[in-house]
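Here's a quick briefing to keep open beside the viewer. Have a look at the chain below, then go through the points topic by topic.

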Amino acid sequence: MSNQKQAEEAMVSNNDTGHEEKEVSNDESGFSLKSVLWHGGSVYDAWFSCSSNQVAQVLLTLPYSFSQMGMLSGIILQIFYGFLGSWTAYLISVLYVEYRSRKEKENVSFKNHVIQWFEVLDGLLGPTWKAVGLAFNCTFLMFGSVIQLIACASNIYYIDDKFDKRTWTYIFGACCATTVFIPSFHNYRMWSFLGLGMTTYTAWYMTVASLVHGQVEGVVHSGPTKAVLYFTGATNILYTFGGHAVTVEIMHAMWKPKKFKCIYLLATLYVFTLTLPSAAATYWAFGDQLLTHSNAFSLLPRTPWRDAAFITFGFACTPLYFVWEKVIGMHDTKSILLRALSRLPVVIPIWFFAIIFPFFGPINSAVGALLVSFTVYIIPALAHMLTYRSASARQDAAEKPPFFIPSWTAMYVLNAFIVVWVLVVGFGLGGWASMSNFIKQVDTFGLFAKCYQCPPPTPAKHH
C-alpha cells in the first residue's frame with residue numbers, strides 16, 4: 001500500500017489543475033464571493049458535477065423506456081446499469097491515478113494543462129488506444145451535447161409553443177455558446193449546483209404530478225411486446241448511467257483527486273432517488289401512451305409547476321473544448337477571452353446536428369448502443385485489464401483492487417463480464433434495436449415534413 005499512498009500524496013502536493021490554481025490558493029484563505037461561486041475543487045463539487053451530468057435530459061425519456069420494457073425490467077436494468085456504470089467510472093479513476101503517478105515520477109508538470117481520458121490511454125497503452133479513445137469520446141460527447149440541446153428546445157416548446165421546436169433550437173444553440181467562457185470543470189460550481197437542483201425538481205415534479213393526475217382512462221401497460229422496443233429501452237437506460245465520459249476532467253479539477261474513489265457511486269445512489277420514482281410513476285399513470293411520446297412532458301398537464309421544470313446543459317461541451325484547444329495550440333493560453341473565441345468552432349457542429357434532428361428519444365438509444373457502450377464501459381474495462389496484465393504492473397500498481405474484490409483474478413473476471421455483456425447486449429442487440437427505431441423515426445419525420453409542405457388541394461370547378 002506504500003506505492004498507492006505515495007502516488008496519492010504526490011498528486012495532492014502537485015495538483016496544479018490549471019489556469020487559476022495560484023489565484024485559488026491566495027484568495028480562498030478568506031471568504032469571497034468569487035471563491036464561493038467560481039472556484040470549485042472539493043469532493044462536494046465533484047459529487048455535484050457527477051450527479052448533474054449523469055442523468056440530465058435522459059430523465060424525460062426514461063418513462064418512454066419503461067413503456068417499451070415494462071415496469072419490472074425498467075427498474076432492474078436501472079439498478080444494474082447504475083452499478084455497472086459506477087464500477088467502470090471507478091476503473092477510469094484508477095487508470096487516471098496510475099497515469100498521473102507514473103508521469104509525476106518522470107517530473108512531468110501539468111501546469112495549465114487538463115488531463116483527458118485519451119491522454120491517459122496514450123500514456124498507459126500507446127497511440128493506438130489514444131486514437132480509439134479520442135474518436136469514441138469526442139463523438140459521444142458531441143452527440144451528447146446535441147441531445148442536451150434538442151431536449152432543452154423540446155422542453156421550452158411545451159412551455160411556450162409560440163415558436164416551433166426548431167426555432168427554440170436556434171435560440172438555445174446561442175445560449176449553449178456561452179459555455180465557452182467557462183475555463184474548466186474547476187469553474188463549474190454554480191452551474192453544476194443549478195443543474196442538479198433543476199434535475200431534482202424536474203424528477204420530483206414528474207413523480208408528484210403523475211400520482212396526482214392518476215391513471216388515464218383505460219390505461220394499458222402492455223410492455224414488453226417486441227424485442228426491438230425492449231432493447232431500445234434497455235440501451236436508453238445504459239446511456240442514462242454512462243455519463244462518466246468526463247470523469248478524468250472532473251478528477252483533474254479536484255484539489256485532492258484521491259478522494260474521488262466513491263464519489264461516482266454516491267452520485268449514482270442519489271440519481272436512483274430521481275430516476276426510479278419519476279419513471280415508475282409516469283409509466284403507471286400513462287402506460288402505453290408513452291410509446292408515442294418519448295418526452296414525458298408532452299403528456300403531463302400544463303401548469304406553472306411543469307413550466308418551472310428545466311434540464312440544464314453544457315457539461316459535455318467542455319472536454320471537446322479542451323481537445324480543440326490542444327489541436328490549435330490554445331490550451332495553455334491564460335486569457336479567458338482568447339480561449340472562448342477559439343472554442344466557438346466547436347459549438348457550430350453541435351448546433352447544426354441539433355437543428356437536423358428535432359427529436360431526442362430515439363437518438364438517446366442509438367448513441368447509447370453505438371458510442372456509450374464502448375466509450376465508458378468496454379474501453380475502460382479492457383484498458384484496466386491490459387494495463388495490469390503483467391505481474392510487475394500489478395505489484396507496482398498505484399491502486400490495488402478494492403476491499404470487496406478478493407484478488408486480481410476476480411477483478412479480471414468482472415471486467416471480462418462487463419466487456420462481453422455490453423458488447424453483446426448493449427452494442428449488438430441494442431445497436432440493432434436502436435437503429436431500427438431511429439430509422440423508423442426519421443422516416444416518420446420525413447413523411448410528416450413532406451405532408452406539412454404539400455400545398456392544399458385545388459378546389460374542384462363547378463360548371
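Where pLDDT is low, the predicted coordinates should not be read in detail.

This is a predicted model, so local features need pLDDT of at least 70 and side-chain atom pairs count only at pLDDT 80 or more, while totals for chains, interfaces and linings use all residues. Residues are numbered from 1 along each chain as its sequence is written, and side-chain values use heavy atoms, with hydrogens and water left out.

**The chain as a whole**

- Averaged over the protein chain, pLDDT is 84, and 85% of the residues score at least 70.
- The secondary structure comes to 19 helices and zero strands; these are DSSP runs numbered from the N terminus, with helices being H or I of at least four residues and strands being E of at least two.
- Of the 463 residues in the protein chain, 56% are buried. Buried means under 20% relative accessible area, exposed means over 50%, and partly exposed is in between (1.4 Å probe, protein chains only).
- Take the contacts in the protein chain with a separation of 6 or more: 86% of them are between residues 24 or more positions apart.
- The accessible surface of the protein chain is about 19600 Å², and 68% of that belongs to carbon and sulfur atoms. Accessible areas come from the Shrake-Rupley method with a 1.4 Å probe, and for residues only the protein chains shown count as cover.

**The core around Phe260**

- The largest nonpolar core has 119 residues, and Val120 and Phe260 touch the most other members. A nonpolar core is a set of buried Ala, Val, Leu, Ile, Met, Phe, Trp, Tyr and Cys residues joined through side-chain atoms within 4.5 Å.
- What does Phe260 touch, not counting residues up to four places away in sequence? The list is Ala46, Cys50, Ser93, Thr247, Ile250, Met251 and Met254.
- Ser93 sits in helix H6 and is buried, at 3% relative accessibility.
- Setting aside neighbours within four places in sequence, Ser93 is in contact with Met251 and Phe260.

- Leu370, Val420, Leu423, Val424, Phe427, Leu429 and Trp432 make a nonpolar surface patch of about 580 Å². Patches are made of residues with over 30% relative accessible area and no salt bridge, with like charges joined within 9 Å and nonpolar side chains (Val, Leu, Ile, Met, Phe, Trp, Tyr) within 5 Å.
- Helix H19 (residues 408–453) gives the largest share of that patch, six residues.
- Beyond four places in sequence, Gly430 is in contact with Phe231, Thr235, Ala369 and Val425.
- Gly430 and Asn236 are 194 residues apart along the chain, yet their C-alpha atoms are separated by 9.0 Å.

**Salt bridges**

- How many salt bridges does a search of the whole structure find? It turns up 10, a salt bridge being a side-chain nitrogen of Lys or Arg within 4 Å of a carboxyl oxygen of Asp or Glu.
- Glu98 pairs with Arg102, with the closest N and O atoms 2.9 Å apart. The two are four residues apart in helix H6 (residues 71–105), so about one helical turn separates them.
- In that pair, Glu98 is buried at 3% relative accessible area, whereas Arg102 is partly exposed at 31%.
- Glu106 and Lys103 meet through their side chains at 3.9 Å, N to O. Glu106 is exposed, at 51%, and Lys103 is partly exposed, at 23%.
- Arg306 and Asp307 form a salt bridge at 3.5 Å, N to O; Arg306 is buried at 4%, while Asp307 is partly exposed at 27%. Salt bridges with shared partners join Arg302, Arg306 and Asp307 into one network.

Terms used: Contact = heavy atoms within 4.5 Å. pLDDT = per-residue confidence, 0-100.
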